[in-house]
Structure formats: structure tokens, C-alpha cells
Amino acid sequence: MKLIQEFKEFAVKGNMIDMAVGIIIGASFNKVIDVMVKQVFMPPLSLLSEGIHFQDKVWILREAVNDASGTVLQPQIAVGYGALIEALLDFIIIGFTVFLVVKFMNRLRNRSQDPKDKTVVTPKDIQLLSGITNLLEEQNALLKTKAKQ
């Protein structure tokens with residue numbers, strides 16, 4: 001019963017919904033990045049490298065062995081380093097994009113947490129903490145002036 005209660009608390013707090021939304025957005029983001037790398041960045045890169053398509057680049061360790069009729073007796077064994085290049089490009093683009101998104105979100109969060117910035121609504125907890133801080137500073141100033149007297 002305790003496990004069911006913990007699950008209810010977990011679900012009600014919104015953690016599951018937040019996680020589901022994150023996974024769905026992440027999957028969509030992955031599709032966008034995949035198209036961006038394969039359809040936007042790789043063609044000019046292939047053009048700069050004289051028409052080389054990186055996905056086709058392999059290092060052949062053993063050629064395929066065929067019989068007289070063309071039936072494959074032993075398949076080719078090759079290392080696909082071109083796919084690695086594409087995966088590294090994906091990683092760099094995703095990493096840089098996530099960095100920009102996090103930087104933008106941090107800027108928005110910092111603006112919203114500044115109680116002096118009236119252009120953005122400050123969350124209630126930040127307002128309360130700011131008020132407490134101001135009161136403590138006033139109290140400390142009063143105590144210092146009384147201590148000097």
C-alpha cells in the first residue's frame with residue numbers, strides 16, 4: 001500500500017507529466033536535429049570535400065567473397081567511420097543547441113527572480129524571500145546604530 005501511495009504522490013506532483021512532456025519534446029527535437037545534420041549540414045560538407053558522402057565512407061577490413069554466380073559466401077567486413085563523423089556532428093549540433101536553449105532559459109529565470117525588475121512577474125516565493133531579506137537588513141542596521149550609542 002505504501003508503494004501505491006508513493007506513486008500517487010509522484011503522479012500528483014506533476015513529475016510524470018513533466019517527464020512525459022520532456023521525452024516527447026526530446027524525441028521531436030531529435031528528429032529536427034537529424035534532418036538538420038543530414039539535409040542541411042552534410043550536403044555542403046560533402047560538396048566542400050568534393051562530393052564525398054560521409055555515410056558511405058568505410059574502412060574495409062575484409063572484402064566480400066562471392067562465388068561464380070554472385071552469391072555472397074562471406075560478407076564484407078568494414079568499419080563505418082563516416083557514420084561516426086555524422087554522429088559526432090549530431091552530437092556537436094545538439095550540444096550547442098541545448099547550450100543555447102539553457103542559456104536563454106537561465107536568462108529568463110534570472111530576470112523573473114529579480115524582485116527589482118518590474119517588467120517580469122516575480123514568483124511569490126522570491127518576493128517573500130526578498131521582503132524577509134530587506135527586513136533583516138533594516139533590523140541589522142538598527143541594531144548597529146543602537147550598539148554604537
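**Talking through the model**

Analyst: Let me begin with Asp56, which sits in the loop between H2 and strand S1 (59-62); helices (H or I, at least four residues) and strands (E, at least two) are DSSP runs, numbered from the N terminus. This is a predicted model, in which local features need pLDDT of at least 70 and side-chain atom pairs count only at pLDDT 80 or more, while totals for chains, interfaces and linings use all residues. Residues are numbered from 1 along each chain as its sequence is written, and side-chain values use heavy atoms, with hydrogens and water left out.

User: Ok, is Asp56 buried or exposed?

Analyst: Asp56 has a relative accessible area of 52%, so it is exposed; buried means under 20% relative accessible area, exposed over 50%, and partly exposed in between, with a 1.4 Å probe and protein chains only.

User: And what separates Asp56 from Ser130?

Analyst: They are 74 residues apart along the chain, and their C-alpha atoms are separated by 60 Å.

User: What about Asp117, where is that?

Analyst: Asp117 is found in the loop between H3 and helix H4 (124-148), and because its relative accessible area is 18%, Asp117 is buried.

User: Which residues is Asp117 in contact with?

Analyst: If we leave aside its neighbours within four places in sequence, Asp117 is in contact with Arg111 and Thr122, where contact means heavy atoms within 4.5 Å.

User: Switching to H2, what should its residues span?

Analyst: Helix H2 (residues 15-48) has 34 residues, which at 1.5 Å a residue should span 50 Å, and its end C-alpha atoms are 47 Å apart, which agrees; the expected span is 1.5 Å times one less than the number of residues.

User: Where does the kink in H2 lie?

Analyst: A kink of about 40° lies at Met42, shortly before the proline Pro43, the bend being the angle between axes fitted to the seven residues ending there and the seven starting there.

User: Which residues of H2 are buried, and what do they pack against?

Analyst: Ile33, Val37, Met42 and Ser46 are the buried residues of H2, and the buried residues of H2 pack against H3.

User: Now the rings: how many aromatic pairs does the structure hold?

Analyst: The structure holds one aromatic pair. The ring centres of Phe96 and Phe99 are 6.4 Å apart and their planes are at 35°, so the pair is tilted. Rings of Phe, Tyr and Trp (its six-membered ring) pair if their centres lie within 6.5 Å, and planes under 30 degrees apart count as stacked, over 60 as edge-to-face and the rest as tilted.

User: Where do those two lie?

Analyst: Both Phe96 and Phe99 lie in helix H3 (residues 81-112), three residues apart, which is about one turn of the helix. Phe96 counts as exposed at 51% relative accessibility, whereas Phe99, at 48%, counts as partly exposed.
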